[in-house]
Amino acid sequence: MKHTDSEALFRTIFESNPECVTLLNPDGVIMDINPAGEECARASREELVGLTVHKLICPEYQDAYYRMIQGALGGKQGTLEFEVTDESGARFWKEATVTSLIGNGGTHTPLIGITRDIHEKKKTQLENERLLRQNRWLARELMEAQEAERKQIAQELHDNLGQQLLAIRMDAEYIQSETMLDHATIISTTAHILKITEQVSREVRDLSEQLHPLTLQYMGLSDSLQELVREWKTSQRNIEVTYRDDTNDLGLFSEKHALTLYRVLQESLANTSKRCNKSKYFIGVSDPERVGCTKSGTRDVHDK
């Protein structure tokens, strides 16, 4: 192929390339740019020729672009992602590849740069990275919450159940070691053991409910909520609570929504215990449509 034919072929490829293509001198000055490049830069060839290409991008990427040019002069093809700004100051992601036009390179070798628009791809990548960081943060928060819950349960096991079991053991050892106990003492000691055993059983059940309410599995949502209120009223006799269920389809709730509703009522009762003295309160589960929910609804605790 003749030299003139090669030049004509190169010019055809250069002019028709859909990507931004620039010819650069060893200092990164634009010697020529194709029509797609003019459209990309929103400037004419006359305005762009003679400008230093890496000065047209955001300042924080200019040194890296210049180093890429120096690498291309040594025969090493380089690629860089960077940002540019438009007239309004909005930033857009681009990717440029710079290589020596003649394979071996050299200080006087012209360079060719090809720039692509990767803005949407980069936005997606950055959003995925943000979501990944957020998920990692949420996972850490969840682990910390679980650890705090385990610590609380361990403390309750140590402080409450541990002491009660110790009392049972001491009573049993007392009965075992004393051979001359009268009938009344035996009855009194065994009654104490039974009382503590009942406390242990109740606290084990409460801890189990904190971890996962098994009543939901065996009794269903409506009966579980009523049982939760009944047990709470037994332990909080100085507070009068009225529970009312205005819905007829609690059995249609998914397991996830049922558990959420159960936890809301459980937390409401716990807050009532902490903040209230002798008062009357109403706790109700209302029709989802009346409270603006699609699946479940609850009313706050109100003083009557």
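Strands β1 (residues 20-24) and β2 (residues 30-33) pair in the antiparallel sense over three bridges, where strands are DSSP runs of E with at least two residues, helices are DSSP runs of H or I with at least four residues, both numbered from the N terminus, and two strands count as paired if DSSP finds at least two bridges between them. The model is predicted, and local features need pLDDT of at least 70, side-chain atom pairs count only at pLDDT 80 or more, while totals for chains, interfaces and linings use all residues. Residues are numbered from 1 along each chain as its sequence is written, and side-chain values use heavy atoms, with hydrogens and water left out.

The pairings of β1 are set out below.

Five of the five residues in β1 are buried, which here means under 20% relative accessible area, with exposed meaning over 50% and partly exposed in between, for a 1.4 Å probe and protein chains only. In a regular strand the side chains alternate between the two faces of the sheet. In β1, C20, T22 and L24 point one way while V21 and L23 point the other way.

**The nonpolar cores**

A nonpolar core is a set of buried Ala, Val, Leu, Ile, Met, Phe, Trp, Tyr and Cys residues joined through side-chain atoms within 4.5 Å. The largest such core has 23 residues, of which Y65, F82 and L111 touch the most other members. Elements giving two or more residues to this core include β1, β2 and α4 (59-73), and the largest share, six residues, comes from α4. Leaving aside residues up to four places away in sequence, Y65 touches V53, H54, I57, L80, F82, A96 and V98, where contact means heavy atoms within 4.5 Å. A second, separate core of 15 residues includes L216, W232, A258 and Y262.

**Helix α9**

Helix α9 (residues 255-275) has 21 residues and reaches 30 Å from its first C-alpha to its last, close to the 30 Å expected at 1.5 Å a residue. That expected span is 1.5 Å times one less than the number of residues. Its buried residues are A258, L261, Y262, L265, S268, L269 and T272. They lie on the same side of α9 because they cover an arc of only 120 degrees around the axis, taken from the directions from the helix axis to the C-beta atoms. The face of α9 turned away from this buried side carries the exposed residues E255, K256, K274 and R275.
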